[in-house]
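This report covers aromatic side chains and their surroundings. The sequence and structure come below.

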Amino acid sequence: MNDPAADPDVGYSNLVSERPLTILLINKFLFPFGGVESVLFAEKALLESYGHRVVLFGMHHPRNIETPWARYFVSQVDYADRSPRARLRAAARALFSLEAQRKIRRLIRDAKPDIAHVHHIYHQITPSILYALRAARVPIVQTIHDYKPVCPNAKCYIPASGEVCFRCRGGRFYHAIAHNCGSYGRASSILIALEAYFNRLTCAYEKHISLFLTPSRFLRDTLVAGGMPAERIRVVPNFVDPD
């Protein structure tokens, strides 16, 4: 693999290490849900083909793939459930999950991972797990698949008007409320704005994650323009099996 200190673009050219590694793959959904999960499962298969041991951590869901690590997963929360009780429970979990932190501590103790590769953890899992990983001295890499670190709704797009938008750049996340950018109305818009402010104030991602990966230069440049550290972001394009 290219030296990441010398080249912002790295790839999967060399996955061979001196010994098989235990790699903790973390994503909130562990079933075929979207593009992120397609990348996750392809990565899992590729790593295992090179002899590495892959351990999963995510959220319980009836559609999850079978895995012996499911007993460590966090309980299911559904942000599409509009009932008052479900909304309250979801809001309480959105910023910092003590349950996720407690369960990943158990997983770290039992699986003893060499490295953690984080994908999507916001809302259902939260950055709470990063504190536990760092305390256990597990190095953390995160693939960023969207604009979430610089845009509360992760799209740089206003749903109501169909406008491409960069108003939140520089930490002005109140625009997510003003333009009702949440997926489930005003309440969700307030929640994602609070989440963005909380993560920016605590620097949870920047403090704990050693290296950020993006699948494109455009995404990398957008994140840097939004305030993320350029020297810690590398481009790793998504891959396909040529067969």
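## A charge over a ring

Which residue lies over the face of Tyr122? In this predicted model, the residue over that face is Lys148, at 4.9 Å from the ring centre.

## Aromatic pairs

A pair of aromatic rings is described by the distance of the centres and the angle of the planes. Searching the whole structure gives 7 aromatic pairs. One of them joins Phe173 and Tyr197, with 5.2 Å centre to centre and 75 degrees between the planes. This pair is edge-to-face because planes over 60 degrees apart are classed that way.

The two partners come from distant parts of the chain, 24 residues apart. Phe173 is in the loop between strand 6 (163-164) and helix 5 (175-178), while Tyr197 belongs to helix 6 (residues 186-202). Phe173 has a relative accessible area of 1% and is therefore buried. Tyr197 is partly exposed, at 29% relative accessibility.

Phenylalanines also group together: Phe29, Phe31 and Phe33 make up one aromatic cluster.

Trp69 sits in the loop between strand 2 (53-57) and helix 2 (84-94). Its relative accessibility is 14%, so Trp69 counts as buried, the cut-off being under 20%.

Leaving aside neighbours within four places in sequence, Trp69 is in contact with Arg53, Val54, Val55 and Leu56, and also with Leu107 and Ala111. For Leu107, the separation from Trp69 is 38 residues in sequence and 8.1 Å in space, C-alpha to C-alpha.

Notes:
Residues numbered from 1 in each chain as written. Predicted model: local features only at pLDDT ≥ 70, side-chain atom pairs only at ≥ 80, totals over all residues. Heavy atoms only, no water. Phe/Tyr/Trp six-rings, centres within 6.5 Å; stacked < 30°, edge-to-face > 60°. Helix = DSSP H or I, 4+ residues; strand = E, 2+ residues; numbered from the N terminus. Buried < 20%, exposed > 50% of the residue type's maximum accessible area, 1.4 Å probe, protein only. Lys NZ or Arg CZ within 6 Å of the ring centre and 35° of its normal. Contact = heavy atoms within 4.5 Å.
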